[in-house]
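Please walk me through this protein model, from its domains to its core and then to its surface.

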Amino acid sequence: MSQLSYARYGKDNIRLYKVDKNEKTGVQTVVEQTVCTLLEGDIDVSYTKADNSVVVATDTQKQTTYILAKQNPIDPPEQFAAILGDHFVKTYPHIHVAHVKIIQHRWTRMNIDGKPHPHSFYRDSQEIRVVEAVTRENEGVTIRSKIEKLLVLKSTGSAFHGFHRDEFTRLPETWDRILSTEVEAGWKWKTFKDLAEVKKVDFNAAWEQARNITLKTFAEDDSASVQATMYKMCDLILAAVPLVEAVDYALPNKHYFEIDLSWYKGLKNTGKDATVFAPQSDPNGLIQCTVTRKPKSKL
Ligand SMILES: O=c1[nH]c(=O)c2[nH]c(=O)[nH]c2[nH]1
């Protein structure tokens with residue numbers, strides 16, 4: 001009557017920490033990640049016939065993550081995700097696809113008395129670096145890198161006017177508003193043919209470029225809208241990282257409402273006099289886009 005249409009399974013929320021100890025300088029460097037591994041392949045009978053012989057236990061996937069983390073660098077996370085995926089599809093003939101997601105958490109080195117401290121770090125924000133890698137047997141590796149939860153605000157330099165108006169429109173036009181968003185930015189790499197090709201890429205430099213472009217464009221653009229500003233970010237990242245095929249953003253527009261305080265002794269707090277605002281938690285705008293390269297003209 002029924003059939004298994006799709007299946008994958010694995011271990012989620014594998015928490016991982018690795019320290020690199022430079023014995024010469026005494027400087028230690030730490031990386032903390034949350035890893036998810038999900039495997040696909042000839043595993044149907046484990047669902048349909050209660051046959052566990054095909055199951056690479058989720059505990060085995062967790063132990064493998066620890067062992068490969070010991071034997072390989074875990075930074076950049078893109079490379080470690082590809083190392084894990086490569087291991088699963090090569091080690092088990094009946095496993096054909098490995099999905100590996102890695103969330104990298106921030107541990108920023110402390111500056112004490114103006115000097116970087118050799119072994120002390122702090123969490124400077126909830127921002128995370130995310131990697132989603134899919135390794136397919138004999139087909140290569142696809143990787144998407146992401147920035148998430150990067151909270152930004154500019155107190156001026158943002159406008160929104162000239163938008164469509166009809167009988168449902170209440171929003172006044174503005175030439176000066178607060179702009180705040182929690183950046184979710186992703187960039188999809190070209191398909192890599194194997195792990196060796198992945199190992200040649202400087203993923204950390206690309207992450208830094210994408211992050212710097214996001215912040216600089218947000219700060220410096222005389223924003224006509226979230227849409228127009230995010231398109232500029234996408235365009236700049238495509239230009240900066242040639243191996244990237246597509247860039248996407250999802251930006252919530254976190255509204256800050258003016259408050260009319262004129263009822264109190266004629267206090268002026270609207271328009272150019274507005275200094276006290278009411279931050280809104282919901283609803284929020286949500287603006288998304290994906291930008292790719294124009295196909296090369298054949299002329
Ligand atoms: O930058 C914006 N884009 C919109 O689409 C929109 N809609 C809205 O109400 N405010 C804004 N701001």
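The paragraphs below take the domains, the core, the salt bridges and a surface patch in turn.

This is a predicted model, in which local features need pLDDT of at least 70 and side-chain atom pairs count only at pLDDT 80 or more, while totals for chains, interfaces and linings use all residues. Residues are numbered from 1 along each chain as its sequence is written, and side-chain values use heavy atoms, with hydrogens and water left out.

The chain is assigned domain 1 (1–138) and domain 2 (151–188 + 203–299), with bounds from an automatic or database domain assignment. Taken over C-alpha atoms, the centres of domain 1 and domain 2 are 33 Å apart. In contact (heavy atoms within 4.5 Å) are 8 residues of domain 1 and 4 residues of domain 2.

The largest nonpolar core has 60 residues, and those touching the most other members are F80, I143, W187, W189, V198, V247 and Y249. Such a core is a set of buried Ala, Val, Leu, Ile, Met, Phe, Trp, Tyr and Cys residues joined through side-chain atoms within 4.5 Å; buried means under 20% relative accessible area, exposed over 50%, and partly exposed in between (1.4 Å probe, protein chains only). Helix α3 (residues 77–91) gives the largest share of this core, 7 residues. Because domain 1 and domain 2 both give residues to the core, it lies between them. Helices here are DSSP runs of H or I with at least four residues, and strands are runs of E with at least two, numbered from the N terminus. Leaving aside neighbours within four places in sequence, F80 has contacts that include L16, Q33, T65 and I102.

In helix α6 (residues 226–240) lies L238, which is buried at 6% relative accessible area. L238 and W187 are 51 residues apart in sequence, yet 8.7 Å apart in space, C-alpha to C-alpha.

There are 17 salt bridges in the structure, each a side-chain nitrogen of Lys or Arg within 4 Å of a carboxyl oxygen of Asp or Glu. One joins E132 and R144 (3.4 Å, N to O). E132 is in strand β6 (residues 128–136) and R144 in strand β7 (residues 140–154), so this pair ties together parts 12 residues apart in sequence. Another joins K190 and E197 at 2.8 Å, N to O; K190 is partly exposed at 27%, whereas E197 is buried at 18%.

On the surface, W263, Y264 and L267 form a nonpolar patch with about 380 Å² of accessible area together. W263 sits in the loop between β10 (256–258) and β11 (277–279), and is exposed at 66% relative accessibility. Patches consist of residues with over 30% relative accessible area and no salt bridge, like charges being joined within 9 Å and nonpolar side chains (Val, Leu, Ile, Met, Phe, Trp, Tyr) within 5 Å. Accessible areas come from the Shrake-Rupley method with a 1.4 Å probe; for residues, only the protein chains shown count as cover.
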